[in-house]
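Here's a walk through a two-chain model, from one side chain out to the whole assembly. Have a look at the structure first.

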Amino acid sequence: MSKVKNKEPGKSLNTIVSDLTKPLKTHYGFTPWILFLTAIMLLGIGAYIIQLRDGLGVTAMRDYISWGLYISSFIFFIATALIGMLISAVLGLIGIKWITPIARIAEMIAVGFALWAGLVIIFDMGRPDRFWHLFVYGRVQSPIVWDVTVVITYVAISILLYLLPLIPDMPFLKKAMTDQAKWKQKMYHILSFGWVGSEGQYKLIKRLIRVLAVLIIPVALAIHTVTSWLFAMTLRVGWDSTIFGPYYVTGAFVTGGAAVVIAMFIFSTDFRLKNYITHFHFDKMGRLMVLLMLVYFYFNINEFLVPGYKMKLLEKPHLYGLFQGDFALMFWLVQIGGMIIPIILLLFKKMRKPLPSLIIAIAVLIGAFFKRYIITIPTLMHPHLPIQNVPAEFHTYWPTTFEWSITMMAIAGAVLVVTILAKLFPIMPIWEIAHEEGITNEEMNEFTGNN
Amino acid sequence: MNSKKITYKGLGIVTILFFIFSISASAQWNIPDNVKNKKAPQDATYELIKTGKSVYNNKCSSCHGHPGKGDFLKLNPVPGDLGTSDFQNNNTEGSVFFKLDEGMGSMPSFKNQLSETDKWCVTFYIKSFDDNFVVKGKKSTSIKTNLTVSSDNKAKKLKAKAEFEDKDGNMKVLKGADVAFFVKRYFGNLSIGNVKTDENGYAEIVFPDDIAGDSTGNAEVIIKFKDTDAYGNTAVTKTVSWANPVHYENPLNERHMWGNRSSAPIWLLITYFSVVIGVWAVILWVVFQITRIKKLAKE
């Protein structure tokens with residue numbers, strides 16, 4: 001019986017419902033935000049149309065550096081999406097209570113970023129019209145086939161895991177949103193699947209959520225491990241590593257954790273939910289981040305110190321490039337600014353307050369993005385057979401405006417999915433919050449009129 | 001003190017002189033007269049010059065550049081442009097052949113690297129930059145010869161009969177000529193014997209019993225004259241079934257991680273499909289359960 005230590009105990013059901021549904025009605029600052037995201041997306045769509053017309057030649061990718069910003073963004077997206085599994089499944093299953101108000105936020109991020117991860121992969125294809133070949137002609141031996149399989153599976157489970165806890169909220173929405181557009185009311189009605197809050201229904205929905213929460217753990221581990229295998233299964237310097245799977249998974253938790261902290265800050269201030277996402281939650285997330293980053297730090301030591309100590313002939317130019325060469329600035333900024341300093345700062349209670357948390361999380365997230373870049377590109381510059389007889393531009397890589405625009409479109413797209421979900425459905429499960437406030441099912445059914 | 005200084009000075013001068021000497025006095029080509037006048041066993045034809053050109057581009061141009069262009073490597077001594085009239089006037093067909101055959105200093109010897117024919121083809125190609133070089137209509141120095149080969153399956157013996165055409169155009173027995181026997185391998189030919197013809201013109205060998213053949217034990221034997229200069233390139237190939245059969249496994253027929261789609265390892269197929277089917281069965285089960293929510297409304 002561990003009760004959540006909320007700052008304001010004893011919220012009534014009435015307050016909970018109105019607090020959580022009010023952001024769905026007031027569109028304060030909503031239009032400029034949507035316009036901003038749409039503008040970025042339109043730019044990206046334009047760039048993509050040109051890329052479709054002229055081919056991947058509009059990117060900076062050439063024969064040797066044939067994976068660039070798209071693939072590094074893809075890993076970043078997958079990484080961000082993984083947090084849904086950690087928070088709602090792992091922490092939920094072991095009975096951590098403080099995640100209740102942020103579990104759905106994590107799940108929204110998972111859905112948005114996993115969906116767009118699949119699209120980013122398609123942006124990297126020269127002939128996206130042949131995508132279906134993968135299913136018809138794919139080899140089971142190929143990590144690419146495994147990857148596409150797990151991405152699709154993860155998206156499906158994430159959507160279900162978002163949808164299921166939403167069902168018991170629908171009666172509240174039907175009641176609270178009567179002043180809203182007809183189509184919304186209709187949608188709430190359909191998505192309630194006939195929910196009236198009966199004993200049997202609660203039992204069923206809890207069981208289904210539990211089954212999916214268990215299922216998503218191996219699938220999520222698989223999705224990011226397989227993504228790392230796209231690299232580790234090839235014999236290339238910097239990728240030929242046995243710890244790539246756990247290295248990626250822990251890195252992903254850090255990335256997603258930072259994304260959740262940022263989302264928590266935005267939602268708690270913009271949606272005026274500071275009574276629900278409190279300093280207490282930021283403090284907890286800060287501690288969780290320290291733990292995650294320490295594990296990730298440990299894997300980083302292994303990933304760089306072990307080959308760095310041996311300095312094998314073929315790996316030497318690659319490692320020197322990272323430690324003191326062309327990529328040194330980015331490498332050390334990412335490692336120190338995006339990992340070591342955040343760990344140290346978050347050890348202090350003051351730094352785990354909302355605003356400092358937000359700033360640290362932004363640094364971690366940017367670091368995480370460029371970390372993926374550093375994993376992908378420098379390796380491709382050091383093939384085992386020397387680069388010979390190619391134009392000078394083939395030796396280097398810096399993304400073109402097209403690549404940046406299309407990548408920004410993907411990020412804006414994922415954020416847009418999260419935004420739309422947050423505007424259609426409450427960002428916290430009303431029924432679970434109510435349960436934690438000690439409100440019984442009978443009281444809830446009375447409120448919704450399902451008695 | 002003084003005498004020491006002088007000794008040092010003297011030593012220094014000697015060293016410097018030694019250096020100058022060693023740089024300037026590099027070795028000289030020493031070409032015997034009979035080699036200079038040596039002619040190729042065949043006429044130069046445009047076909048052969050073409051072959052020579054491709055051999056040259058493969059093996060020589062990295063150092064010598066393109067004849068007549070002066071784009072050779074700046075080595076010490078310089079490889080030199082082989083297309084200049086200065087070089088052509090001072091080097092006969094025979095000398096060019098000798099130089100590439102023997103090599104000197106940083107000029108590698110191609111004696112064992114190139115076949116006799118290829119060496120002559122390169123020579124033709126180089127000499128084709130000489131305005132006086134005759135490409136067609138040159139007399140062959142070799143006589144017209146003929147080889148016939150018979151085999152003895154029981155004793156695994158191969159018997160070659162050598163003949164030549166005399167001035168009157170009659171075929172005569174060729175005595176005392178070296179006949180070489182080879183087995184054709186993937187890369188080049190394996191020598192299995194060298195026999196002089198007897199007074200009846202016969203040369204005979206016993207096929208060795210340690211030769212690997214194809215899956216049915218077949219092997220291709222090439223019989224020709226050793227002295228191609230004298231007897232020409234007459235050659236006979238004969239397939240014999242006396243070699244040891246070797247069965248080559250085609251790795252593509254087995255199931256491998258790197259194999260194609262249809263040869264995926266069984267364990268992988270089982271793992272992949274059972275996991276995918278298992279997970280999706282649960283997902284579909286959950287989706288189906290959602291439809292049960294309505295039924296449970298009364299409970």
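The side chains of Asp166(B) and Lys172(B) are joined by a polar contact of 2.8 Å. A polar contact here is a pair of N or O atoms within 3.5 Å; within protein, one must be able to donate a hydrogen and the other to accept it, and residues adjacent in sequence count only if both atoms are side-chain atoms. The side chain of Asp166(B) also reaches the backbone nitrogen of Asn170(B), at 2.9 Å. You'll find Asp166(B) in the loop between β2 (157-165) and β3 (171-173) of chain B. Helices (H or I, at least four residues) and strands (E, at least two) are DSSP runs, numbered from the N terminus. Asp166(B) counts as buried because its relative accessibility is 15%; the cut-offs are under 20% relative accessible area for buried, over 50% for exposed and partly exposed in between, with a 1.4 Å probe and protein chains only.

Some housekeeping: this is a predicted model, where local features need pLDDT of at least 70 and side-chain atom pairs count only at pLDDT 80 or more, while totals for chains, interfaces and linings use all residues. Residues are numbered from 1 along each chain as its sequence is written, chains are lettered from A and ligands numbered from 1 in the order in which they are written, and side-chain values use heavy atoms, with hydrogens and water left out.

Contact, in the last column, means heavy atoms within 4.5 Å.

How much area do chain B and chain A bury between them? About 2,400 Å², with 76% of it on carbon and sulfur atoms. Buried area is the accessible area (1.4 Å probe) that two parts lose on being put together, summed over both. On the side of chain B that touches chain A there are 20 nonpolar, 5 polar and 4 charged residues. The contact takes 29 residues from chain B and 33 residues from chain A. Between the chains, 11 residue pairs are in polar contact (both at pLDDT 80 or more). The salt-bridge count across this interface is 0, with a side-chain nitrogen of Lys or Arg within 4 Å of a carboxyl oxygen of Asp or Glu as the rule.

Trp280(B), in helix α9 (residues 266-290) of chain B, is in contact with Ile152(A), Thr153(A) and Ala156(A), leaving aside its neighbours within four places in sequence. Trp280(B) is partly exposed, with a relative accessible area of 27%.

Most residues other than glycine have a negative phi. Arg272(A), though not a glycine, has a positive phi of about 55°. Arg272(A) sits in the loop between α11 (244-270) and α12 (279-310) of chain A and is exposed, at 59% relative accessible area. Lys156(B) isn't a glycine either, and has a positive phi of about 55°. Lys156(B) belongs to the loop between β1 (145-152) and β2 of chain B and is partly exposed, at 31%.

Terms used
Ala, Val, Leu, Ile, Met, Phe, Trp, Tyr, Cys and Pro count as nonpolar, Asp, Glu, Lys and Arg as charged, and the others, Gly among them, as polar.
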